[in-house]
Amino acid sequence: MNDADYENMSAFSCGVKDLDDFFHFEVKECVRRRYLSAYTVFLDSGEIVAAFTLMNDALMIGSQSDKEDFIEDLKLETDEDVVSFLNRQSSYPAINIGHLGTSKDYQSMGIGSIIIDLVADTYAKHRQSGCQFITVDALNNDKILL
C-alpha cells in the first residue's frame, strides 16, 4: 500500500468494527514494522473494494499420529518420497491471508474468494520459497461463503 491508499482507508468499511479499526488505525504501523504486508483492491476511481494482509505463517503439528493424520488428510497421491519428506518436518511453512475485508457495497460478489484464489495461484506459479500451505484468518460470520 502507498500513502494514498492509507489515506483512502479512512473511508473503507467492511462492516466489522475490529477489521475496520485495524485498517483505519493499525495497518500502517504493522507494515512499517514489517509485521505484515497490506494490499488493497480498488476501482479506477480509487474506491477501495477490498483490503487484506499477507504474513509468514507455519503449521506446527504436535504428535507423530497428528502428523500422520494431517498428511493423510492432504490426500496426496501415493508418492512415498513426498510423504517421507513431510513426515521428517517439524513444521510446514505457509503464508497467511489475514484481515480480509470487502467493502459493504461489494459484499456477496465473490471478491474474497477471488483474492484467496489469486494469492494461491501467485504462490503456486512463482513457487515462492517457504510456502507449502496457505492459511486464512477468518471471522465466524454467517454472511461469508467460500
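Student: Before we look at residues, what does partly exposed mean here?
Tutor: Buried is under 20% relative accessible area, exposed is over 50%, and partly exposed is in between. Valine 41 counts as partly exposed because its relative accessibility is 30%. Keep in mind that this is a predicted model.

Student: Where does valine 41 lie?
Tutor: In strand S1, which covers residues 37-42.

Student: And how far is its C-alpha atom from that of isoleucine 111?
Tutor: The two C-alpha atoms are separated by 9.3 Å, while the residues are 70 apart along the chain.

Student: Switching to charges. How many salt bridges does a search of the whole structure find?
Tutor: Three. One of them joins the side chains of aspartate 21 and lysine 17, at 2.6 Å from N to O.

Student: Where do those two sit in relation to each other?
Tutor: Both are in helix H2, and because they are four residues apart, about one helical turn separates them. Lysine 17 is exposed at 59% relative accessible area, whereas aspartate 21 is partly exposed at 22%.

Student: What does glutamate 29 pair with?
Tutor: Its side chain meets that of arginine 32 in a salt bridge of 2.9 Å, N to O. Glutamate 29 also forms a salt bridge with arginine 33, where the closest N and O atoms are 2.5 Å apart.

Student: Which residues form the negative surface patch?
Tutor: Asp66, Glu68, Asp69, Glu72 and Asp73. Aspartate 66 is in helix H3, residues 64-73, and is partly exposed with a relative accessible area of 41%.

Student: Now aromatics. How many pairs are found?
Tutor: Six in the whole structure. In one of them, phenylalanine 12 and phenylalanine 23 have ring centres 5.9 Å apart and planes at 80 degrees, so the pair is edge-to-face. Phenylalanine 12 is in the loop between helices H1 and H2, and phenylalanine 23 is in helix H2, 11 residues apart.

Student: Are they buried or exposed?
Tutor: Both phenylalanine 12 and phenylalanine 23 are buried.

Student: What about tyrosine 92 and phenylalanine 133?
Tutor: Their ring centres are 6.0 Å apart with the planes at 85 degrees, so this pair is edge-to-face. Tyrosine 92 is in strand S3 and phenylalanine 133 in strand S4, so the pair ties together parts 41 residues apart in sequence. Tyrosine 92 and phenylalanine 133 are both buried.

Methods:
Residues numbered from 1 in each chain as written. Heavy atoms only, no water. Patch = residues over 30% accessible without salt bridge, like charges linked within 9 Å, V, L, I, M, F, W, Y side chains within 5 Å. Areas by Shrake-Rupley, 256 points an atom, 1.4 Å probe, with all protein chains shown as cover. Salt bridge = Lys/Arg side-chain N within 4 Å of Asp/Glu carboxyl O. Lys, Arg positive; Asp, Glu negative; His and termini not counted. Charge placed at Lys NZ, Arg CZ, Asp CG, Glu CD. Buried < 20%, exposed > 50% of the residue type's maximum accessible area, 1.4 Å probe, protein only. Phe/Tyr/Trp six-rings, centres within 6.5 Å; stacked < 30°, edge-to-face > 60°.
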